[in-house]
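Please open the model in your viewer and keep the sequence panel beside it. This tour tells you what to select at each stop and what you will find there.

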Amino acid sequence: MLIVGPSGSGKSTLALAIAGLIPSDVPAAITGSLALDEVPVWSFDRSALAARVGIVFQDPATQLVMERVEDDVAFGLETRGWPVQPMRRRVPEALAEAGLSGLGRRRSRRLSGGQQQRLALAGVLAAIPGLLVLDEPTANLDPHGADAFLERVRALGRTRATTVVLIEHRVERAWSMADIVVAIDGEGRTIDVGSPDEVAARSAPRMHEAGIWLPAAIEPRDIAAARRPAGPGSSVRPAEVKIKAQHLSYAYEPGRPVLHDVSLAIQPGERVALVGPNGGGKSTLARLLVGLLRPDRGTVRLGGDDPARLPAEELARRAAYVFQDPERQFLAETVKTEILLGLDPIRRPAAEELLAEFGIPLERFGGRSPFRLSGGEARRLSLAIALVRDPAVLVLDEPTFGQDRRNYDGLRAILDGHLRAGATLIAATHDQRFVADVADRVITMADGRITADERIR
């Protein structure tokens with residue numbers, strides 16, 4: 001079953017309910033019914049339900065609990081009382097199924113975002129659940145990895161008769177896999193339920209209007225080519241900041257470098273996309289360029305200075321970094337406090353306007369916890385926090401994660417306005433649509449090295 005809907009429509013909430021985590025772990029008021037094999041979900045003993053249902057969360061890091069990769073996969077089996085020998089056989093099998101062969105001794109927190117997503121899947125697959133709930137499982141995967149991941153999911157139904165509930169924005173790949181499509185609107189109400197062909201025939205225009213991504217083959221022809229106009233330019237012209245890196249090397253663990261002798265220069269105003277497979281070093285390079293990490297070897301210059309040694313206030317003026325996991329940079333208890341934290345009072349009206357443009361207006365979201373936002377909403381809040389400060393260099397790690405079509409267009413428009421004012425963009429991304437729409441230079445990375453560097457405009 002494929003569940004599609006705009007950001008904030010309740011898809012993840014539905015996934016948590018199917019897995020029995022609502023209301024046992026996430027308090028909620030519920031009406032209606034939800035059953036597995038004719039049995040109400042909330043009547044199951046928790047251990048019995050856990051044995052039947054596996055869930056991979058939208059943010060995979062939230063379900064990694066052990067220091068080593070293989071221990072993390074084994075943890076779930078241990079809690080289910082698996083005997084030692086079957087567990088030792090099953091752990092490497094599950095890692096291979098998820099595409100992590102040979103990484104069993106790695107540290108879980110040192111994996112790339114895409115590799116962590118695979119590890120979360122391996123931990124769930126290990127127990128061979130009858131029902132598998134996947135919340136945007138390909139969001140952090142490179143295109144090849146996403147294709148391979150979905151092919152593994154497809155194979156589960158053929159080889160194990162596993163039922164799969166899949167929440168995805170990348171419907172181009174997932175649409176043809178589905179037996180049933182459930183389309184939800186922005187208010188959390190059902191648009192349509194049926195086979196992919198039936199839903200496309202009946203409801204493609206309504207789904208498009210709701211901001212749901214559709215496969216190119218069924219996108220309504222009269223509106224498929226519509227483009228949102230560019231957003232207004234920033235009122236502040238960023239300072240011109242050149243970035244130069246020479247012979248960078250970096251390792252999170254001794255003897256296991258993730259970056260090898262990388263050199264590059266980025267001119268003020270360039271729009272650079274960092275692309276390549278998971279674990280290739282994109283996020284590590286991006287963090288080194290703005291001083292969030294110090295290189296083991298080599299040098300970085302941000303506007304002529306070592307960014308790792310700049311005072312925090314000066315570094316924030318020159319560069320802003322938006323993490324792959326937005327929650328990593330949230331500090332406050334409410335959205336309003338978060339966006340205004342440390343912000344010059346003169347910029348506060350601009351902050352409110354920007355949040356409204358991003359679809360998270362303060363009058364509706366201001367009192368909410370940033371940690372209770374949907375994945376797409378949290379991503380837009382993290383972008384707003386960076387953009388409202390008009391940094392000279394904007395570094396984005398997977399900026400389109402969790403975005404529906406409407407919010408993607410809005411993000412592009414707002415970002416374009418900032419870039420037209422002269423800011424530099426560095427985006428680590430697997431989203432080829434975003435690369436084609438925004439970048440003028442593409443740097444490809446693999447195995448911690450730059451393998452290609454080309455200008456596309």
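Begin by selecting Leu411, which is buried, with a relative accessible area of 3%; buried means under 20% relative accessible area, exposed means over 50%, and partly exposed lies in between, with a 1.4 Å probe and protein chains only. This is a predicted model, in which local features need pLDDT of at least 70 and side-chain atom pairs count only at pLDDT 80 or more, while totals for chains, interfaces and linings use all residues. Residues are numbered from 1 along each chain as its sequence is written, and side-chain values use heavy atoms, with hydrogens and water left out.

Leu411 has its place in helix α16, where helices (H or I, at least four residues) and strands (E, at least two) are DSSP runs numbered from the N terminus. Leaving aside residues up to four places away in sequence, Leu411 touches Phe358, Leu383, Pro399, Gln403 and Phe434, a contact being heavy atoms within 4.5 Å. If you also select Ala384, you will find that Leu411 and Ala384 are 27 residues apart in sequence and 9.7 Å apart in space, C-alpha to C-alpha.

Now show the whole of α15 (residues 375–387) and α16 (residues 405–420), whose axes come within 12 Å and cross at roughly 10°. Axes are lines fitted to C-alpha atoms, for helices over the stretch in contact, and angles run from 0 to 180 degrees between N-to-C directions. α15 and α16 are therefore roughly parallel to each other, since angles under 35 degrees count as roughly parallel, over 145 as roughly antiparallel, 65 to 115 as roughly perpendicular and the rest as oblique. On the α15 side the contact is made by Arg380, Leu383 and Leu387, and on the α16 side by Asn407, Leu411, Ile414, Leu415 and His418. These residues divide into five nonpolar, two polar and one charged, where Ala, Val, Leu, Ile, Met, Phe, Trp, Tyr, Cys and Pro count as nonpolar, Asp, Glu, Lys and Arg as charged, and the others, Gly among them, as polar.

Which residues have the most contacts inside the largest nonpolar core? They are Leu134, Met207, Phe358 and Leu415, in a core of 85 residues; a nonpolar core is a set of buried Ala, Val, Leu, Ile, Met, Phe, Trp, Tyr and Cys residues joined through side-chain atoms within 4.5 Å. The largest share of this core, seven residues, comes from α15. Select Phe358 next, and you will see that, not counting residues up to four places away in sequence, Phe358 touches Arg380, Leu383, Ala384, Leu387, Asn407, Leu411 and Ile414. Apart from this core lies another, of 32 residues, among them Val300, Ala319, Phe323 and Val393.

The strands β13 and β14 (residues 393–397) pair in the parallel sense over four bridges, and two strands pair if DSSP finds at least two bridges between them.

Strand β7 (residues 181–184) and β8 run antiparallel and are joined by four bridges, with Ile184 standing opposite Thr190 in β8.

Finish with some details of the backbone. Most residues other than glycine have a negative phi, and most peptide bonds are trans. Ile22 and Pro23, however, are joined by a cis peptide bond with omega of about 5°, and Pro23 is found in the loop between α1 (11–18) and β2 (35–36). Asp447, in the loop between β16 and β17, has a positive phi of about 55° although it is not a glycine, and at 61% relative accessibility Asp447 counts as exposed.
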